[in-house]
Amino acid sequence: MIGGQLPWLGRHLARRIGRRLAGGGHQAQALPAPELVGTSEKLDCPPALYDPDTLSRVISCGFNGTLAEEVAKLEQTSFETRPMALYDLGPAAVMGHGVESRATSVWMGPRSAVSTLTRPVEAFDTLYLANSIQGLQYFGHWLRDDCAAFEHLVSLGDVRSLRRPAWPDCAGYEAIFGQNWREVDNAIAERLVLQRELGFNTDKARRIEALRARLRAALEAPNAGRVVYLKRGDMGAGRNPANEDAVTSALMDAGVVVVTPERGIAETLSTLLDAAIIVTMEGSQAAHGVFALRPGGAMLILQPPRRFYNPHHEWTRLLGMHYATVIGEDLGGGRDFTIKPNEIIAMVERLSAHS
C-alpha cells in the first residue's frame, strides 16, 4: 500500500521545488477539522505581581503585541483552557520541513525540501509528528509545548520529529524525560497526524507534572527552597542588560544562587531544581523554570523595555505557581538597557510572601 504512494510523493516534491524555485514562497492552506483531546474549561488563577508605575518604560512588546494585551494577561484572575487539536491529513508526505497531502500543504519550518533531496524516504502506516511550528523555531516552545504533546502522542502510535535546530540541551532533556525524538527528513504515510497545543489545559498540566517528576527522579536538588538567578548566558547576549555584572553582584550579595546555561543542562537543572524562586531574563531559557521550580514556586522575569512579553505567566498559573516581572530602563540607541538590582530584590521579597 505504502509503495503505491511513491509516484504521488514525487509529483508533490516536484510541485514544492518548482514553487520555491519560482519564488512562490509558502502558501498557507486550511487544515482539516481537528479532533479535540478534551474540552475547554474555566480555571481560576492568581494575578501576576508588577509595579504599574514602571509600565511607562515599555517601548514595544514581543511579537507585535500591545501593552494593553500584556497588562490584561498579567491581571487575569481566570482563564479559558484550550484542548489539544489533532489534524488527520490522511495519506501525506514529509519533505524537509513541509508536509504535503492531497488536500493541503503545511509549512512547518525553515528547512526546505531541496535540502533533503539526497536523504532516504521512510515509510509508515500511521505517523504522528510531535512538532509545532513554534517548536521548530524556539527552544522554549519545543521544551514546554512539544515535549508535553509527545507524552500524549506516544500513547497513540508511531511518533517522529522533523529535524530540529542544534539546541545543545535537547539530548539532556530527552534522556531525563525518557523521550525518543527520532528525526525524519523525508517520509510517506498512509495516515499522517499533526498536533497543535500551544494553549493550556488540565491534561497538559498533568503531562508536564509527569515530566517534572522524572526530572526529580534523575537529579539531586542542592538549592531546594532558595532563590536562583538563571543568567541568559552568551547565547543570549543580544538580550543581556548593560549592567549585568552589577545585577549579578547585587543578587549574590543578597544570597541568591547564580547559574549560567553554558555549564551544561545537568548542572543547570540541578542548580535550579526545586528553587522557591527563579529569576531570569525574558527568553527561552526561562522554560527551564517550568520544570525546575518547586510546587507553588515563583518565576520572576526581567523584561527588556523593547520586548515586554509574559508567556511564562500563563505557564506558571497553569501549574499553580506565581509570576512577577521587573521592567528595565532603555538607554537609547537600540537594544541597550539596564535593570535596577534593588527593584529585583524588592520583587523577590514580594514573591516570597506569596510562594
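Ala276 lies in the loop that joins helix α7 (265-272) to strand β14 (277-281); helices (H or I, at least four residues) and strands (E, at least two) are DSSP runs, numbered from the N terminus. The model is predicted: local features need pLDDT of at least 70, side-chain atom pairs count only at pLDDT 80 or more, and totals for chains, interfaces and linings use all residues. Residues are numbered from 1 along each chain as its sequence is written, and side-chain values use heavy atoms, with hydrogens and water left out.

Ala276 counts as buried because its relative accessibility is 7%; buried means under 20% relative accessible area, exposed over 50%, and partly exposed in between (1.4 Å probe, protein chains only). Gln137 is 139 residues from Ala276 along the chain, and 30 Å separates their C-alpha atoms.

## The parallel sheet

An open sheet is formed by 5 strands with parallel pairing, in the order β13-β12-β14-β15-β16; two strands pair if DSSP finds at least two bridges between them. At the edges are β13 (257-259) and β16 (322-327), each of which pairs on one side only. From one strand to the next, the twist averages 20°.

Strand β15 (residues 298-303) pairs with β16 in the parallel sense over 6 bridges. Leu300 stands opposite Ala324 in β16.

## Helices on the sheet

Helix α6 (residues 244-253) packs on the sheet and touches β12 (227-230) and β13, contact meaning heavy atoms within 4.5 Å. The direction of α6 makes about 165° with that of β12; axes are lines fitted to C-alpha atoms, for helices over the stretch in contact, and angles run from 0 to 180 degrees between N-to-C directions.

Helix α10 (residues 341-352) also packs on the sheet, touching β12, β14, β15 and β16. The direction of α10 makes about 165° with that of β16.
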